Amino acid sequence: MAKFRGGIPGGMGNMNNMIKQAQKMQEQMLKIQEEAEAKTATASSGGGAVTVEVSGKKQIVSIKISPEAVDPDDIETLEDLILTATNEALRMADEMLARDMSKVTGGMNIPGLF
C-alpha cells in the first residue's frame, strides 16, 4: 500500500516564504495609505471659479470660490461648480491611491483594498 505524502507543494519553506511576502506587502500598503494622507488632489471648475482640494483620506481640505462666481440670483450654478470640482478632486484622490497601491500589488486588483 502506498503511503500518502500529502502537504503543500514545495514544503513548509515555501509557505513561510509566502507568508513573509504577504506581510511585507501589507506593511508597504499601510505605508502608502499613511503617505496618501499627506498628499492632496486639487480640481477646479468653471474655468477656475471654484477650486477644491481633497486629502488622500478623501477629506475636503479647502474650497476656494472666486468673487465672480458668486451671483445671489444664481445660487444653483455655484452649487453645481462646487459639486463638480469636489467630485473631480475625489476622483483624482482615488486615482492617486490606486496608482500608488498598484506599485505594491503589481497591478493586481484586490477587492476591498481601497
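The legends below describe close-up views of a predicted model. Local features need pLDDT of at least 70 and side-chain atom pairs count only at pLDDT 80 or more, whereas totals for chains, interfaces and linings use all residues. Residues are numbered from 1 along each chain as its sequence is written, and side-chain values use heavy atoms, with hydrogens and water left out.

View A. Strands β2 (residues 50-55) and β3 (residues 60-65) pair in the antiparallel sense over 5 bridges; strands are DSSP runs of E of at least two residues, helices runs of H or I of at least four, numbered from the N terminus, and pairing requires at least two DSSP bridges. Val50 has Ile65 as its bridge partner in β3. Between the strands are 4 residues, and Lys58 in this hairpin takes a positive phi near 65 degrees.

**View B. Largest nonpolar core.** This core has 12 residues, among them Ala41, Val52, Val54, Leu78 and Leu81. A nonpolar core joins buried Ala, Val, Leu, Ile, Met, Phe, Trp, Tyr and Cys residues through side-chain atoms within 4.5 Å; buried means under 20% relative accessible area, exposed over 50%, partly exposed in between (1.4 Å probe, protein chains only). β1 (40-45), β2 and α2 (75-105) each supply at least two of its residues, and the largest share, 5 residues, comes from α2. Apart from this core lies another of 6 residues, including Met29 and Val104.

**View C. Surroundings of Val54.** Leaving out residues up to four places away in sequence, Val54 touches Lys39, Ile60, Ala89 and Ala93, among others (contact: heavy atoms within 4.5 Å).

**View D. Ile63.** Ile63 is found in strand β3. Ile63 counts as partly exposed because its relative accessibility is 41%.
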